[in-house]
Amino acid sequence: MVTRLRPHRFIGMALRPWWRLTRGVTLGAQAVVIDGAGHVLLVRHGYRPGWCFPGGGVERGETVARALERELLEETGVRVADAPALQGVYSNHRHFPGDHIALFVVREWTREFTPSPTPEIAEQGFFAADALPEHTDASVRRRLAEILEGTETDGLW
């Protein structure tokens, strides 16, 4: 099965700046997917720089958990096998006023396919925490330190 960028996803990406200006609060769901060797799944988007966790926006009428499952499957082919653990809800106001990210840790999962690159997800891969790719987003590094090393959570993305 190949996941393609659906028209409503493209429209959503194009309208993102407008939503940021007109909505009081937005919510995204992202996942720290960890494999059996302790490697973390990261994606590189085609529309912004850096490596980050897979995930995306919660759509109207959708639960955060369902959004996480949908985004993981669409972007990476990962299917959540057990309830993910909520790591925290972070304010992303440094980048977008009113934006929040619910971050989950996913340790139980399956993967039946790996989607081909798309305009949304240019690359993806599993990386050791001590060998992250160059240009890994600073917030990803902070979250991994919180999860894997027990550093204090600051609440800001």
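## A buried phenylalanine

Phe127 is buried, at a relative accessible area of 19% (buried is under 20% relative accessible area, exposed over 50% and partly exposed in between, with a 1.4 Å probe and protein chains only). This is a predicted model, in which local features need pLDDT of at least 70 and side-chain atom pairs count only at pLDDT 80 or more, while totals for chains, interfaces and linings use all residues. Residues are numbered from 1 along each chain as its sequence is written, and side-chain values use heavy atoms, with hydrogens and water left out.

## Aromatic pairs

A pair of aromatic rings is described by the distance of the centres and the angle of the planes. Here, rings of Phe, Tyr and Trp (its six-membered ring) pair if their centres lie within 6.5 Å; planes under 30 degrees apart are stacked, over 60 edge-to-face, and the rest tilted. That rule gives four aromatic pairs. Take Trp51 and Phe127: the ring centres sit 5.2 Å apart with the planes at 75°, so this one is edge-to-face. Trp51 belongs to strand 3 (residues 51–52) and Phe127 to strand 9 (residues 121–127), so the pair ties together parts 76 residues apart in sequence (helices, H or I with at least four residues, and strands, E with at least two, are DSSP runs numbered from the N terminus). Trp51 is buried too, with a relative accessible area of 8%.

Trp109 and Phe126 are stacked, because their ring centres are 5.5 Å apart and their planes at 15°. This pair also links distant parts of the chain, with Trp109 in strand 8 (residues 109–111) and Phe126 in strand 9, 17 residues apart. Trp109 counts as partly exposed at 21% relative accessibility, and so does Phe126 at 25%. Elsewhere, Phe53, Tyr90 and Trp157 make up one aromatic cluster.

## The sheet and its helices

Four strands form an open sheet in the order 4-1-7-6, with mixed pairing (two strands pair if DSSP finds at least two bridges between them). Strand 4 (55–57) and strand 6 (85–91) are the edges, each pairing on one side only. From one strand to the next, the twist averages 15° (axes are lines fitted to C-alpha atoms, for helices over the stretch in contact, and angles run from 0 to 180 degrees between N-to-C directions). Strand 6 and strand 7 (residues 99–106) run antiparallel, joined by six bridges, and Leu86 stands opposite Phe104 in strand 7.

Helix 2 (residues 64–76) packs on the sheet, touching strand 1 (26–33), strand 4 and strand 7, and its direction makes about 60° with that of strand 1 (contact means heavy atoms within 4.5 Å). Helix 3 (residues 138–149) lies across strand 1, strand 6 and strand 7, at about 145° to strand 6.
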